[in-house]
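Thanks for coming. Please have the sequence and the model open while I talk.

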Amino acid sequence: MGRRFSSAPSSPGSIPDEPSYELTMEVDRTEDDNYKSSTMDDTTVHTWRYLPFKQQILQMEIDGALIQNIDHNMVISKLCDMGIKVYLLMHDSTDLKRDLIKMTEDASYDDSATIDFNRCCLFKDENGRVFNTILAGSATGLSSAWAVSTSMFSGLNATIVMFTLVRSLALLPGSGDLGYGPLYLAVFVGSVLKEEMSHSWLSSQLYISGTPSISSVAIGVPFAGSDVPRYLSIIALILAGASAGTSNQYIFALIGVSSVIAALSANLGGRAWKNAGFGRIRYSGPGSAAAAYIVAIAAGILAPVLGFRELEAGGRAALEKSLFLSFMVAIAYVASGIEPIQSYVVMGENDGNLAQAITNVTVGICWLVNTVSCLALSPLIKAGWRDSSDDRFLVKDENSPVGYRVPCLPNYYIEPHMISKPFLELNENFVKAAGSFLTVAIGGGIICTGLFYPISNVGCSILNLGCSASA
């Protein structure tokens, strides 16, 4: 190594500058050409090159557009060149909600088995800038609730309770007074099985219909965020418990137990459909949401174990776990038929009737179909994890209408309820007039029903006084 010092004046007659130092390194490279590791080949050296990530390339393109203050169409073109399908919302759209629904319907036709991380939804403002489209408000709340429910979902608990309630369903006819049993079941379902019961309608839309994200379900699917099946089952069971000793108890109990079974099987069926890698239902016409829910219920009854989270590992591990869990479900169902246990966990009376025998045969067939399905499909389940070295430049985001966003772009938040349009294409004055008439008619009717009873009592009192005076 050598070091050189330079202290010559910068110009004649001037004061010498501060000494400047220049470091030089002399390296003997005579042996470089002869050096070669016995464990290294020529192709390995080429893998040491530091290449920029795709996200860095895109970030440089965006920075260049921002610095030069040019149109952001270059960013959109760059995304398209990278194989990204770009959905673009314009600021001057006359109906943003309609445009969002059309985009989500188009994205739902993508095959998730072969195409992934390939789409984003951007918003372009009046200045030509582009942003990630993010749905806020109720859509964000639904995404958070879904994340909590999914992380705490227990497939084993859901399956055991579902088959046990099938036994109860067979024993309800002719059981007489059920007492407060339905009320206890409502408390159990609403507290212990909250995650297993929640968002069954949403689960069927995501996994069966192929809706691209939770926020898109919130704007395009009726009653997606209301969790109607769980509320219906709890209300029906509470009414059954409150109507103890009446003829209506059996009807409410039947509705409540059936609703619980439907919600549990729909949650299991949707997850089983996803784990098995079945294609999404490519139908978005009238009744598509109900059709997806029915398919999820059927899949959950026939192959519930395929929906367990433990099977997402795939391969032989999924096969072994599916068999073990199937045997546990069978043991739990057989135990629920033993008299000392049945009197505590099953509603109804076991008198060895035909319905009980038919139930055992039906559940046995379902269990056989489930086990055979696990043997055939569990080894084919793809592992749920991804290679961390995969160079991805889109981020999964359930608040995006199409499920993914560009990480190096800012977000533009849209409130779904703020972009709603009137569903009646009528004149505003006509709507006001009709609303005023209905308001007066309904309000007056309610007031009259309240005044009728006092007036009738006053009239009767006056008549009675008149009769007494004449006498």
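First, the ground rules. This is a predicted model, in which local features need pLDDT of at least 70 and side-chain atom pairs count only at pLDDT 80 or more, while totals for chains, interfaces and linings use all residues. Residues are numbered from 1 along each chain as its sequence is written, and side-chain values use heavy atoms, with hydrogens and water left out. When I say helix (H or I, at least four residues) or strand (E, at least two), I mean a DSSP run, numbered from the N terminus.

Now the core. A nonpolar core here is a set of buried Ala, Val, Leu, Ile, Met, Phe, Trp, Tyr and Cys residues joined through side-chain atoms within 4.5 Å. Buried means under 20% relative accessible area, exposed over 50%, and partly exposed in between, with a 1.4 Å probe and protein chains only. The largest such core has 46 residues, and those with the most contacts inside it include Leu-165, Met-197, Val-257 and Leu-311. Helices that each supply at least two of its residues include H6 (155–171), H7 (181–191), H9, H11 (228–242), H12 (249–276) and H13 (288–302). Which helix gives the most to this core? That is H12, with 11 residues.

Next, H12 and its partner H11. Their axes come within 8 Å and cross at roughly 155°. Axes are lines fitted to C-alpha atoms, for helices over the stretch in contact, and angles run from 0 to 180 degrees between N-to-C directions. That crossing makes H11 roughly antiparallel to H12; the cut-offs are under 35 degrees for roughly parallel, over 145 for roughly antiparallel, 65 to 115 for roughly perpendicular, and oblique for the rest. Residues making the contact (heavy atoms within 4.5 Å) include Leu-232 and Ala-236 of H11, and Phe-252 and Val-260 of H12.

H11 also meets H7: the axes of these two come within 7 Å and cross at roughly 155°. H7 and H11 are therefore roughly antiparallel to each other. Among the residues in contact are Leu-183 and Val-189 of H7, with Ile-234 and Leu-237 of H11.

H9 and H13 pack at an angle of about 95°, with their axes 8 Å apart. That makes H9 roughly perpendicular to H13. Trp-201 and Ile-208 of H9 are among the contact residues, as are Tyr-293 and Val-295 of H13.

Stay with H9 for a moment. How many of its residues are buried? The count is 10 of 10; Trp-201, Gln-205 and Tyr-207 are among them. His-199 lies in the loop between H8 (194–197) and H9 (200–209). At 10% relative accessibility, His-199 counts as buried. Its phi is near 55°, a positive value in a residue other than glycine. After H9 comes Gly-210, whose phi is also positive, near 80°.

Last, the sheet. Four strands form an open sheet in the order E3-E4-E5-E8, with mixed pairing; two strands pair if DSSP finds at least two bridges between them. E3 (85–90) and E8 (411–414) stand at the edges with a single partner strand each, so one side of each is left without a neighbour in the sheet. The twist averages 45° from one strand to the next. E5 (residues 130–135) and E8 run parallel, joined by four bridges. Thr-133 stands opposite Tyr-412 in E8.
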